[in-house]
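Biologist: I am new to this structure and would like to learn how to read it. Please take me through some features one at a time.

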Amino acid sequence: MIEEITLKNIYSFKDEVTFSFEATADTAFDSTHVVVMPNGTRLLRLGVIYGSNASGKSNLLYAIDDLRLFLISDPQNMDVHTGFEPFMLDKETPNLPSEYSVRFWIDGVRYWYQLHVTGKKVIYEKLSFYKTTQPIKIFERTLDGGQSVLTFNNKVQKIGQEEQKILNLNCLPNMSFFATRGRVNMKMEHVDKVRDWIHNKFMPLVDIGANMNKYGYNKIKKDNKFVDYLVDFMHLADFNISGLENNYSKEQETANNPAIVVEHTVENDRGSERYNMSFGQQSEGTKRMIGIEAAIYEAVEFESFLTIDEIESSLHPDLLEYVLQKFLMNHGNSQLLVTTHYPGLLDTINDLLRKDNIWFVEKGKNGSTDLYSLVEFNGLNKITRFERAYRNGQFGALPNIKD
C-alpha cells in the first residue's frame with residue numbers, strides 16, 4: 001500500500017506537495033477504510049480530490065502515472081525521453097529536475113523511493129527500507145560525468161565487482177534502476193519485491209479519454225468470475241441488464257460476430273420480456289461503467305493501487321456513490337485515488353466517506369498548483385453540510401467566475 005507521494009517541479013506542481021493516505025485518529029468506518037501496518041501506521045484505501053477545471057487535479061494523476069511508466073520502461077537507447085515535464089511557467093524550473101518521493105509498504109515492510117529526473121536523464125535515485133524509524137539504504141544512484149554510478153549497502157544487497165560493472169554499464173541515464181535490474185540475472189530480494197509490486201500492483205491511470213469500452217469488453221472475455229460479479233452489480237445498481245453470455249472464440253472474433261451477448265429484461269404490457277443485444281449496442285455510459293468497474297474489480301482482486309480521473313464522467317451521482325461503497329465493502333489492501341467535480345459526494349462525509357479522504361487542489365496566480373487536505377481546516381465538526389461549505393468557498397478549490 002502507498003503511504004504518501006511527494007512531487008516537485010512536475011507539470012503544474014512547481015513547489016513540493018504531498019498526498020498522503022495516512023489516516024487520522026478518527027475511527028469512523030475503520031473496518032472498511034483503514035488498514036493498519038505492522039508498526040501501527042493507519043493507511044486509507046480511498047482518496048478523493050476536488051478542484052476547478054485546469055487547477056491540477058488531473059496533473060497529479062498524470063504525474064503519478066508518469067512515474068509508473070518510467071519505472072517499467074526499458075528504453076533501447078539513451079536518446080529516448082524519460083517522459084517527465086517540469087513546471088514551465090517559470091524561468092528557472094525548466095532547467096531543474098522533477099522530484100519524487102514515495103513511501104509505501106510491501107508484505108509488511110516499509111520502503112522509501114526517491115527520484116530526481118529530467119527529460120533526458122536521472123540525476124538521483126535511491127531505494128531504502130525501514131526496520132525501525134531510520135531508513136536503511138538498499139541502493140543509491142548518482143550521476144558522474146553523464147554516467148550513472150550505483151552503490152549498494154553490502155549488509156542488505158551483496159554485489160560482486162563483475163555484477164557491479166554489468167549493472168553500471170546497463171544503467172542508461174534515461175532509465176530507472178528497476179529496468180536495469182531486468183537486464184541482469186542475479187538475486188536482489190528487496191529490489192525484486194518492489195519491482196514486482198510496480199509491475200503487478202501499480203495499475204495504469206484510467207483517464208477521461210481512456211477506452212474503457214475495450215477494457216471492460218476484454219475483462220468479460222477473459223474472466224467468468226467477473227461476469228458473475230458484473231451481472232450482480234448491474235442488477236443491484238438498477239440496470240435492466242439481467243445476464244451476460246460470453247461466447248468469445250477466435251472464430252467468432254474473426255467472423256465479426258458478437259462475442260458477448262447482453263441480456264436485458266424489460267417490463268411492458270405483455271409482462272416481463274428478455275432481449276439480447278451485443279456489447280457494442282450498449283450505451284456509452286453503460287460501457288464506461290462496465291470498464292471502470294472492471295478496473296476496480298482488478299484492483300480489489302489483486303490488492304492493487306488504481307487512479308481514476310473524473311470518475312463521475314457518464315455516471316449518475318447515486319451510481320458513483322454506489323461504486324465507491326462497493327469498493328470499500330471489499331476488504332483488503334487495494335487503494336483507489338480519484339478526482340471528481342461532483343460536490344454532492346462531500347455530503348456523504350460521516351455516512352460513506354471520512355474527512356481525511358478529501359483533498360483539494362488550487363492554482364495560484366503564478367500558475368502553480370497547491371494540494372491540501374480537508375482535515376487541515378479548523379471547525380470541521382461544526383459543519384453539517386460539507387457540499388454547501390465547499391460551494392461557499394470555505395475550502396477554496398473553486399473556479400474564480402467573475403460577473
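This is a predicted model: local features need pLDDT of at least 70, side-chain atom pairs count only at pLDDT 80 or more; totals for chains, interfaces and linings use all residues.

Modeller: Residues are numbered from 1 along each chain as its sequence is written.

Biologist: Where is Asn9 found, and is Asn9 buried or exposed?

Modeller: Buried means under 20% relative accessible area, exposed over 50%, and partly exposed in between, with a 1.4 Å probe and protein chains only. Helices (H or I, at least four residues) and strands (E, at least two) are DSSP runs, numbered from the N terminus. Asn9 sits in the loop between β1 (2-8) and β2 (17-20). Its relative accessible area is 3%, so Asn9 counts as buried. Asn9 is not a glycine, yet has a positive phi of about 55 degrees. Tyr11, in the loop between β1 and β2, is likewise not a glycine and has a positive phi of about 50 degrees.

Biologist: What is Asn9 in contact with?

Modeller: Contact means heavy atoms within 4.5 Å. Leaving aside neighbours within four places in sequence, the residues in contact with Asn9 include Lys14, Glu85, Phe87 and Ser98. The Asn9 side chain reaches the backbone nitrogen of Phe87 at 3.0 Å.

Biologist: Which residues does Gly51 touch?

Modeller: Gly51 is in the loop between β5 (46-50) and α2, and is buried because its relative accessible area is 4%. Not counting residues up to four places away in sequence, Gly51 touches Lys57, Thr340, His341, Val361, Tyr390 and Ala397. The C-alpha atoms of Gly51 and Phe360 are separated by 5.7 Å, although these residues are 309 residues apart along the chain.

Biologist: Is Thr132 buried or exposed?

Modeller: Thr132 has a relative accessible area of 57%, so Thr132 is exposed. Thr132 lies in the loop between β8 (122-130) and β9 (135-144).

Biologist: How many residues does helix α2 have, and what span is expected?

Modeller: The expected span is 1.5 Å times one less than the number of residues. Helix α2 (residues 57-72) has 16 residues and reaches 24 Å from first C-alpha to last, close to the expected 22 Å. Of these 16 residues, 13 are buried, and α2 is mostly covered.

Biologist: How is empty space found?

Modeller: Rolling a probe the size of a water molecule over the atoms shows where empty space is left. On a 1 Å grid over the protein atoms alone, a cavity is a set of points where a 1.4 Å probe fits but cannot get out; a pocket is an open set with protein on both sides within 12 Å along at least five of seven lines; lining residues have an atom within 4 Å of a point. Grid points are joined across faces, edges and corners, and a volume is the space filled by probe spheres set on the points.

Biologist: What lines the largest cavity?

Modeller: The largest cavity holds about 120 Å³ of space. It is lined by 14 residues, and the closest to its centre are Leu67, Leu71, Val102, Trp197 and Phe202. β1, α2, β6 and α5 each give two or more residues to this lining.

Biologist: And which residues are closest to the centre of the largest pocket?

Modeller: The largest pocket has about 310 Å³ of space. Among its 18 lining residues, Trp105, Ile106, Asp107, Trp197 and Lys201 are closest to the centre. α5 gives the most to this lining, with five residues.

Methods:
Side-chain values use heavy atoms; hydrogens and water are left out. A polar contact is a pair of N or O atoms within 3.5 Å; within protein, one must be able to donate a hydrogen and the other to accept it, and residues adjacent in sequence count only if both atoms are side-chain atoms.
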